[in-house]
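Please work through the exercises below with the sequence and the coordinates open. Each task is followed by a stepwise solution.

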Amino acid sequence: MHRAVLNRVLLHPAAKPLLWLLCLVPLAGWVWGGFHDRLGANPAETLLRGTGAWTLRFLCVVLAVTPLRQWSGLNALARWRRMLGLYAFFYSVLHFLAYAWLDMGFDPAAVVQDLARRPFALVGFLAFVLLVPLAATSFNRAIKALGAARWKRLHRLVYAIALLGLLHFFWMRASKHRYDEVLVYAVLIGGLLGMRLWRGMRTIPVLQGHDLSRTSRE
Amino acid sequence: MSARSHGHPDHGFFHPVPSEITPAEVYAGRRQWLRQLAAGTGGAVLASWAARDALAQAASSPARPGKLAALPGTRSAVPGALVMDKPTAYADASTYNNFYEFGTDKADPARNAGKLQTRPWTVSIEGEVKKPGVLDLEALLKLAPMEERIYRLRCVEGWSMVIPWVGFSLAELIRKVEPTGNAKYVEFVTLADPKQMPMVGSRVLDWPYVEGLRMDEAMHPLTLLAFGMYGEVLPNQNGAPVRLVVPWKYGFKSAKSIVKIRFTDKQPGTAWNKAAQQEYGFFSNVNPEVDHPRWSQATERRIGEDGLFAKKRPTLMFNGYGSQVASLYAGMDLRKFF
């Protein structure tokens with residue numbers, strides 16, 4: 001399809017609300033499943049796994065926005081990055097709630113003890129904690145208060161968060177010897193971060209000797 | 001009223017006042033109440049009292065699901081063979097499985113085990129026995145009378161079920177094959193056919209799946225050679241046509257779809273122990289005091305029972321079979337030999 005036309009479609013006033021609704025589909029599925037006893041034999045596990053999976057997926061989607069925009073030239077995609085990022089945070093909150101409530105019965109002492117005993121859970125908790133300042137500074141006023149440069153530096157934390165999330169998933173699956181799903185996310189996240197690394201290296205003139213790159217910086 | 005006659009069944013008769021008459025629902029529900037107590041909701045002390053008292057009461061026997069061929073069994077008289085806990089729904093027991101040969105997702109075995117050919121089936125008896133050989137399934141089915149046993153099953157992952165199995169004590173088979181003095185362990189080998197089992201080509205585990213028991217564990221009356229569940233033959237995903245069930249150990253010790261039973265003097269190298277030595281021990285007795293390296297074993301989620309928002313239930317030592325099996329491990333450091 002012609003890039004300009006696609007761009008106009010994406011800029012349509014209904015596009016963002018539609019995407020907002022679409023992002024709620026996983027949650028809707030669980031709520032419906034809960035009422036109709038369709039969460040499987042172990043509903044707590046289904047919810048814990050499902051919320052975790054969607055956190056990782058939304059993180060991947062967020063990380064894909066900029067490369068996709070740059071590759072396709074569809075600048076309209078940029079408008080969606082904040083919402084997608086906030087949805088990643090939203091599902092991470094649900095994931096932490098599923099753990100703290102369904103697994104640990106909202107017992108703070110039990111949670112502390114459990115995190116101390118399970119490195120993979122601690123890593124996940126760390127990733128969640130790091131998401132909080134990002135969510136808190138996602139609003140326009142926060143961006144203005146921080147200033148573009150500081151805000152950008154803070155939000156680069158999403159790279160660490162994605163890697164911590166991946167480590168969390170890998171470590172959990174390792175004790176059951178189940179690596180296939182982990183591999184998929186590893187390739188995705190590795191690719192999305194690798195792309196930035198490659199781009200970053202290309203645009204640093206020093207690394208290219210005297211050749212000043214013509215590609216624009218992010 | 002004199003102390004002798006007051007309420008004493010042998011001394012006189014009192015007309016009960018209407019308010020003393022037990023309401024019909026309470027009377028009808030008394031077995032349920034006893035069962036609930038026995039299951040532990042009344043607290044540990046009350047539970048053991050209720051369990052002893054309620055032993056005479058029938059443990060609930062679920063109706064046949066009507067999916068597979070019938071395999072009836074008479075209620076076992078072996079001590080501990082019929083727990084009072086409510087059996088898990090057949091739909092859950094037959095669709096939430098760990099049988100990695102058919103896939104690593106819980107839903108995979110039910111989805112993919114259709115390819116498993118359970119007839120003809122043979123079990124090869126090998127090793128330190130006076131009567132080695134190959135037994136076909138028909139011979140095994142006739143070896144001893146089929147019993148119904150209602151066992152708790154505790155998975156190492158932290159969930160549990162209650163399954164009404166049909167089978168007989170492994171000891172019946174062992175006595176028939178006459179192990180020699182060198183037989184210190186029994187090794188069980190599961191079928192590993194890449195044509196029928198999609199994951200056998202992968203390296204998720206070392207194939208074939210091997211499990212093992214010490215001789216005294218294998219001879220224990222509770223160790224079950226199971227051919228059916230819920231009054232029918234085993235569904236493929238539950239380890240058809242013949243499997244092991246060792247209720248006081250984590251579920252992965254209960255090898256499925258057995259093709260070989262070998263008597264040996266060396267401790268067998270078991271699948272999960274080979275995969276992760278620090279995490280899955282040879283004995284793997286259910287023990288709330290010994291954590292898995294990555295998660296606590298102090299609690300469990302009973303499938304279909306504990307509500308979504310209810311706290312998980314405490315795990316019982318030896319999965320509640322302590323009175324029957326603790327003596328096997330007297331003096332053994334259960335943390336070292338986990």
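The model is predicted: local features need pLDDT of at least 70, side-chain atom pairs count only at pLDDT 80 or more, and totals for chains, interfaces and linings use all residues. Residues are numbered from 1 along each chain as its sequence is written, while chains are lettered from A and ligands numbered from 1 in the order in which they are written.

**Exercise 1. Confidence**

Task: State the pLDDT average of chain B and examine the stretches 1-5 and 53-57.

Solution. Step 1: pLDDT is the predictor's confidence in each residue, from 0 to 100. Chain B averages 88, and 82% of its residues score at least 70.
Step 1: Residues 1-5 of chain B have a pLDDT below 50, and this stretch makes 4 contacts beyond near neighbours in sequence. A contact requires C-beta atoms, placed from the backbone, within 7 Å.
Step 2: Over residues 53-57 of chain B the pLDDT stays under 50, with 7 contacts beyond four places in sequence.
Step 3: For the complex, the predictor gives an ipTM of 0.83 and a pTM of 0.83.

**Exercise 2. The fold of chain A**

Task: Determine how many helices and strands chain A has, and describe its extent and burial.

Solution. Step 1: Elements are DSSP runs numbered from the N terminus, helices being H or I of at least four residues and strands E of at least two. Chain A has 11 helices and 0 strands.
Step 1: Along the principal axes, the C-alpha atoms of chain A fill a box of roughly 60 × 40 × 40 Å.
Step 2: Of the 218 residues in chain A, 24% are buried. Buried denotes 20 or more other C-beta atoms, placed from the backbone, within 10 Å of the residue's own; exposed denotes 12 or fewer, and partly exposed lies in between.
Step 3: Among contacts in chain A between residues at least 6 apart in sequence, 64% join residues at least 24 apart.

**Exercise 3. A hairpin in chain B**

Task: Characterise the pairing of E2 and E3 of chain B.

Solution. Step 1: Strands E2 (residues 122-127) and E3 (residues 133-136) of chain B run antiparallel and are joined by 4 bridges; pairing requires at least two DSSP bridges.
Step 1: A hairpin of 5 residues connects E2(B) to E3(B), and B:Val123 stands opposite B:Leu135.

**Exercise 4. Backbone exceptions**

Task: Are A:Asp37 and B:Ser257 buried or exposed? Locate the cis bond that ends at B:Pro120 as well.

Solution. Step 1: Most residues other than glycine have a negative phi, and most peptide bonds are trans.
Step 1: A:Asp37 has a positive phi near 55 degrees and is exposed because it has 8 C-beta neighbours inside 10 Å.
Step 2: B:Ser257 has a positive phi near 45 degrees and is buried because it has 27 C-beta neighbours inside 10 Å.
Step 3: The bond from B:Arg119 to B:Pro120 is cis, with omega near 0 degrees; B:Pro120 lies in the loop between helix H5 (108-112) and E2 of chain B.

Technical notes
Contact = placed C-beta atoms within 7 Å.
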